[in-house]
Amino acid sequence: QAKPSFMRTMNQADLLIYTGLELEVGWLPLLIQGARNPKIRPGALGHLDASVGIKRLEIPDGKLDRSMGDVHPEGNPHYMLDPRNGLIVGQTIADKLSQIDPENAEGYQKNLALFQKKLQAKIEMWEARLRGLQGKQIVTYHKLWEYLTDWLHLKIVSQVENKPGIPPSPRHVAELVVRMKANDIILLLSSDYSAPKPAERVAQQAGAKLIVLPASVGGREGIETYADLFEVIVSQLASGL
């Protein structure tokens with residue numbers, strides 16, 4: 001949750017990095033304004049939208065309104081759940097740091113090369129472990145896992161939420177259970193911060209395995225790095241096989 005103390009921290013910052021795609025639209029502009037730091041305002045050198053260069057998924061067509069639920073006009077913002085995007089964001093951040101602090105640009109680029117080499121090796125290892133999941137049909141609780149499933153070649157057929165960010169209706173849950181049984185869908189993905197009861201109920205009624213995954217670094221004890229996050233995600237998905 002955004003706190004007034006964040007304004008004091010941001011007042012001293014040389015660089016602000018944020019996810020973008022309007023994920024922070026409800027609170028970050030107010031913090032930037034309150035921080036009174038020209039270095040990190042939109043358009044300034046120290047203002048970085050990390051989504052630059054990312055291939056966006058689920059950019060909606062047509063007119064949007066709040067009755068449609070938590071829909072993001074610029075596309076699904078959960079792109080960091082595809083580790084291949086971590087390689088891109090790492091490049092984006094290193095390039096921006098090199099601009100802000102050119103005297104240390106060589107060091108930033110050296111660290112970037114090391115980060116990308118290590119992450120690419122892990123990506124290949126994770127893909128090998130989960131090759132057996134390719135082509136599987138799954139259900140998710142929230143529209144959170146589209147980038148993960150795009151990476152792993154999984155097919156999301158539906159969500160427990162019939163509208164993003166809105167608790168599911170009993171009718172939708174009943175119809176979803178019937179659909180899962182009819183199509184032999186036995187895997188349901190949810191996150192640590194989603195309401196547990198609806199997903200548990202659907203999984204139980206459909207005879208599916210519910211896997212609750214962390215969605216970010218720090219989302220669970222022991223997940224301190226980006227690689228840690230995917231080690232946990234991959235291990236849990238492998239157990240679901």
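Contact here means heavy atoms within 4.5 Å. In this predicted model, helix H7 (residues 196-206) lies across E5 and E6, and H7 runs at about 170° to E5.

The sheet to which these strands belong is open and has 4 strands in the order E4-E3-E5-E6. Its pairing is parallel. Strands of a sheet pair through backbone hydrogen bonds, either parallel or antiparallel. Strand E4 (155-159) and strand E6 (209-213) stand at the edges with a single partner strand each, so one side of each has no neighbour in the sheet. On average, neighbouring strands are turned by 30° against each other, direction ignored.

Within the sheet, strand E3 (residues 137-140) and strand E5 (residues 187-191) run parallel and are joined by 2 bridges. Val 139 stands opposite Leu 188 in E5. Helix H6 (residues 170-182) also packs on the sheet, where H6 touches E3, E4 and E5. The direction of H6 makes about 150° with that of E4.

| Helix pair | Axes come within | Crossing angle (roughly) |
|---|---|---|
| H3 and H4 | 9 Å | 180° |
| H4 and H8 | 10 Å | 5° |
| H6 and H7 | 9 Å | 40° |

How are H6 and H7 oriented to each other, parallel or oblique? With axes that cross at roughly 40°, H6 is oblique to H7. H6 passes H7 in a right-handed crossing. On the H6 side the contact is made by Val 173, Leu 176, Val 177, Met 180 and Lys 181, and on the H7 side by Val 202, Gln 205 and Ala 206. By class, these residues divide into 6 nonpolar, 1 polar and 1 charged.

The axes of H3 and H4 cross at roughly 180°, and H3 is therefore roughly antiparallel to H4. Residues of H3 in this contact include Pro 83, Leu 87, Ala 94 and Leu 97, and those of H4 include Tyr 108, Leu 112, Phe 115 and Trp 126. Gly 86 and Gly 90 of H3 also take part. The contact of H3 with H4 has 11 nonpolar, 7 polar and 2 charged residues.

Helix H4 (residues 105-129) also meets helix H8 (residues 226-240). Their axes cross at roughly 5°, and angles under 35 degrees count as roughly parallel, so H4 and H8 are roughly parallel to each other. From H4, the residues involved are Phe 115, Leu 119, Lys 122, Met 125, Trp 126 and Arg 129. From H8, they include Tyr 226, Phe 230, Glu 231 and Val 234. This contact divides into 9 nonpolar, 1 polar and 3 charged residues.

Some single residues remain. Asn 85 lies in helix H3 (residues 83-100). Its relative accessible area is 7%, and under 20% counts as buried, so Asn 85 is buried. Leaving aside neighbours within four places in sequence, Asn 85 is in contact with Ile 54, Tyr 79 and Tyr 147.

Glu 58 has a phi near 60°, a positive value in a residue other than glycine. This residue sits in the loop between strand E2 (47-49) and H3. At 35% relative accessibility, Glu 58 counts as partly exposed. His 153 also has a positive phi, near 60°. His 153 is found in the loop between helix H5 (146-152) and E4.

Key. Residues numbered from 1 in each chain as written. Predicted model: local features only at pLDDT ≥ 70, side-chain atom pairs only at ≥ 80, totals over all residues. Heavy atoms only, no water. Buried < 20%, exposed > 50% of the residue type's maximum accessible area, 1.4 Å probe, protein only. Axes fitted to C-alpha atoms, helices over the stretch in contact; angles between N-to-C directions. Parallel < 35°, antiparallel > 145°, perpendicular 65-115°, else oblique. Nonpolar A, V, L, I, M, F, W, Y, C, P; charged D, E, K, R; others polar. Pairing = 2+ DSSP bridges. Left-handed = near helix turned anticlockwise from the far one by under 90°.
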